[in-house]
Amino acid sequence: MPSPFFQTTAPVLANYALAHHTYLIRLEAAAIARAIRPGQFVMLRLPHTSDPLLGRPFALYDTALDDSGNPMGLDIVYLVVGKVTTLMTHLRPGRSVDVWGPLGNGFPEPAGDRQVALIAGGIGQTPFLAHVRELLGTRGYGGQAARRRAERVSLYYGVRSANLAAGVDDFRHAGAVVHLASNDGSLGFHGYVTDLFDRQPDADHVFGCGPEPMLQALASLAGRRRLPCHLSLETPMACGVGICFSCATPVKTPGGWDYRRACVDGPVFDAASLVWHDRQP
Ligand SMILES: Cc1cc2nc3c(=O)[nH]c(=O)nc-3n(C[C@H](O)[C@H](O)[C@H](O)COP(=O)(O)OP(=O)(O)OC[C@H]3O[C@@H](n4cnc5c(N)ncnc54)[C@H](O)[C@@H]3O)c2cc1C
Ligand code: FES
């Protein structure tokens, strides 16, 4: 049974660059901020226009707190790739956007309580900041009290080039042990973030988010090392609430495979349940 979500016109409180083509926007949306959990997402739509008509999905980066420590806003970190994300860069305090959420299933409890590894590729780091805080028990989300779920949380974060690394200090301040990689060698390990993680000692549970080839490599690595692994998919979505089926994702079933809607059955899936060959363009 999907949990209720809220729709609101949310005032923009801040909107600034974090890295090359990467911004953080803070929205005032207390009801969603109180209810949302790490791994869930919101749909964001520009108001008073039919172009673009559809909203776009964005992961929770973190909730913003008021002076009393109560959730009052949403922080979203976005990479500029197209129409909506370009228009979002022009939003200043005083403007507002339509937002609905929380949507999707969120991250499950980790297996074991010692080492959790978060593997992020590109803009795929965004669902993990709140996740770090939830795992280390420094914040409660969705109305739950803070509770420590992991002894140590390591973030493996890979980018194409150093200028695209966004929010690294946020993760360090939140208590994650941060390992960096870049495709061109300009930051940290020279190579893919999955290869960097493959050189490390075992974790009790792995979570991943990023481009599909990276997630496929991570699923195969986790399978080889018999690590529980959950992946947050960035499947394009039109409605975000289970109506349009634009986010159909093939998953294994007892009889073979079938489609699931990433917006309501995901976006977080057990890596072992995903079917990869049908996912390629
Ligand atoms: C659950 C979920 C959470 C997400 N969280 C974030 C986030 O925190 N930060 C963030 O920057 N992005 C996130 N995304 C991706 C984000 O939704 C897209 O980047 C956004 O919809 C692009 O909108 P646009 O209008 O700027 O681009 P469009 O004009 O719609 O598209 C521009 C180009 O990007 C391609 N494209 C659009 N969406 C995707 C996609 N999801 N995967 C691959 N290619 C795509 C299009 O095919 C096109 O070529 C998330 C996606 C999902 C499903
Ligand atoms: S986005 Fe419409 S059903 Fe998933």
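**View 1. Strands S1 and S7 in the antiparallel sheet of the predicted model.** Pro11 stands opposite Ser96 in S7, and this pair belongs to a view taken from a predicted model. S1 and strand S7, the latter covering residues 96-103, run antiparallel and are joined by 6 bridges. Both strands take part in an open sheet of 7 strands, whose order is S4-S3-S7-S1-S2-S6-S5 and whose pairing is antiparallel. The edges of this sheet are formed by S4 and S5, each of which pairs on one side only. From one strand to the next, the twist averages 40°.

**View 2. The loop between S1 and S2, with His21.** His21 is placed in the loop that runs between S1 and strand S2 (22-28). Although His21 is not a glycine, its phi is positive, at about 60°.

View 3. Leu54 counts as partly exposed, because its C-beta neighbours inside 10 Å number 16. Leu54 and Val84 are 30 residues apart along the chain, and their C-alpha atoms are separated by 9.3 Å.

**View 4. The surroundings of ligand 1.** The shell around ligand 1 holds 22 residues, of which the closest are Arg56, Gly82, Val84, Thr85 and Thr126. Strand S4 (56-59), strand S6 (71-79) and helix H2 (83-88) are the elements that give two or more residues to this shell. By class, the residues of the shell around ligand 1 divide into 15 nonpolar, 4 polar and 3 charged. Ligand 1 lies between domain 1 (6-103) and domain 2 (115-234), because both domains give residues to the shell.

**View 5. The contact between the two domains.** The protein is divided into domain 1, which spans 6-103, and domain 2, which spans 115-234. Taken over C-alpha atoms, the centres of domain 1 and domain 2 are separated by 22 Å. Where the domains meet, 17 residues of domain 1 are in contact with 16 residues of domain 2. On the side of domain 1 that touches domain 2, the elements that give two or more residues are strand S1 (6-19), helix H1 (30-35), strand S5 (62-65) and S6. This side of domain 1 has 10 nonpolar, 4 polar and 3 charged residues.

View 6. An open sheet with mixed pairing is formed by 7 strands in the order S11-S10-S9-S8-S12-S13-S16. Its edge strands are strand S11 (189-190) and strand S16 (268-270), each pairing on one side only. Within the sheet, strand S8 (residues 115-121) and strand S12 (residues 205-209) run parallel and are joined by 5 bridges, and Leu118 stands opposite Phe207 in S12. Helix H3, made up of residues 128-136, lies across S8, strand S9 (152-159) and S12, and runs at about 170° to S9. Helix H6, made up of residues 212-224, lies across S8, S12 and strand S13 (229-232), and its direction is at about 170° to S13.

**View 7. The loop between H6 and S13, with Arg226.** Arg226 is found in the loop between H6 and S13. The phi of Arg226 is positive, at about 55°, although the residue is not a glycine. Arg226 is exposed, with 8 other C-beta atoms within 10 Å.

View 8. Gly266 and Pro267 are joined by a cis peptide bond, for which omega is about 10°.

Key. Residues are numbered from 1 along each chain as its sequence is written. Chains are lettered from A and ligands numbered from 1 in the order in which they are written. This is a predicted model: local features need pLDDT of at least 70, side-chain atom pairs count only at pLDDT 80 or more; totals for chains, interfaces and linings use all residues. A residue is near a molecule or strand if its C-beta atom, placed from the backbone, lies within 6 Å of it. Helices (H or I, at least four residues) and strands (E, at least two) are DSSP runs, numbered from the N terminus. Ala, Val, Leu, Ile, Met, Phe, Trp, Tyr, Cys and Pro count as nonpolar, Asp, Glu, Lys and Arg as charged, and the others, Gly among them, as polar. Domain bounds come from an automatic or database domain assignment. Two strands pair if DSSP finds at least two bridges between them. Two residues are in contact if their C-beta atoms, placed from the backbone, lie within 7 Å. Axes are lines fitted to C-alpha atoms, for helices over the stretch in contact, and angles run from 0 to 180 degrees between N-to-C directions. A residue is buried if 20 or more other C-beta atoms lie within 10 Å of its own, exposed if 12 or fewer, and partly exposed in between; C-beta atoms are placed from the backbone.
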